[in-house]
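The structure is shown first.

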Amino acid sequence: DEARQHLFEEAGVVIVKDSSANKCGVITSSYEICAAMMLSEEEFFDNKDQIVSEVLNKLHNYAQLEAELLFREFETYGGSLPQLSKVVSDAVNAATDSLSVALESFSAEDKEKLLPLFRFHLPQTMADMSFDKVHERVPAQYISNAIASCLASKLVYKEGTKFVNTLPKEKLASVALRYVEAEHQIATLKIALEGTEMPEKEKESILKLLEAGGARTALGVF
């Protein structure tokens, strides 16, 4: 870490730390585990090419989210990219741990509301083929951990590390649940807006504002 910091401060070298650069490798491993639990060997090999293609698209999107967050926070708060990689990882891990604990006391109904987060994380073909049997094929604890990880990542990558780190741990789960509900409301508003008659430039601007901060604004948490 010290060597990276000196390279950045004295030579202006931009370094992306391994915790960010190798994040897609960790995600790929999780997909391998999910495939082993959710698909038979025959189902996997019959759909291997499509699943691999979808995994690559997912990894591209996740890598883009990581890069955008790192450089956004670098431009806003300064510091160095290696430091910010650690800040991002720590924020995601801390939020995941808090949510994992909180989910233990959630009702079955509230957990089901969050289950689509896990489904969306998976390659579409894998989810389409097996997600209706997720409770039969995947241990309950694994599902809870996956939901916590997906929700923590959503909050950090969409709203930034400062938003998550400043939330009291005891309130993180309730805010996260409200955030998901607010996202559903924003999605409904966007669909309604797209069907209205108004200048396209103004419509596009409103849609971008809703996408950028609509859920957080709806929460009233700044």
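The model is predicted. Its largest nonpolar core has 51 residues, and L99, L114, F118, L122, F131 and V134 have the most contacts inside it. Several helices each supply at least two residues of this core, among them α3 (23-38), α7 (108-121) and α12 (169-194). The largest share, 10 residues, comes from α10.

Helix α7 has 14 residues, which should span 20 Å at 1.5 Å a residue; the end C-alpha atoms are 20 Å apart, so the two values agree. There is a bend of about 30 degrees at L114, and the proline P116 follows within four residues. The buried residues of α7 are L114, L115, L117, F118 and H121. They pack against α3, α5, α6, α9 (134-137), α10 and α12. Leaving aside residues up to four places away in sequence, F118 touches C34, F131, V134, Y142, I143, A146, I147 and C150.

The structure holds 8 salt bridges. Three of them are listed here.

| Salt bridge | Closest N to O |
|---|---|
| E43 and R137 | 3.9 Å |
| D110 and K113 | 3.7 Å |

D110 and K113 both lie in α7, 3 residues apart, about one turn of the helix. D110, K113 and E181 are linked in a network of salt bridges. K113 counts as partly exposed because its relative accessibility is 40%, and E181 counts as partly exposed at 34%. E43 is also partly exposed, at 25% relative accessibility, and R137 is partly exposed at 30%.

How values were computed: Residues numbered from 1 in each chain as written. Predicted model: local features only at pLDDT ≥ 70, side-chain atom pairs only at ≥ 80, totals over all residues. Heavy atoms only, no water. Core = buried A, V, L, I, M, F, W, Y, C linked by side-chain atoms within 4.5 Å. Buried < 20%, exposed > 50% of the residue type's maximum accessible area, 1.4 Å probe, protein only. Contact = heavy atoms within 4.5 Å. Expected span 1.5 Å × (residues − 1). Bend = angle between axes of the 7 residues up to and from the residue. Salt bridge = Lys/Arg side-chain N within 4 Å of Asp/Glu carboxyl O.
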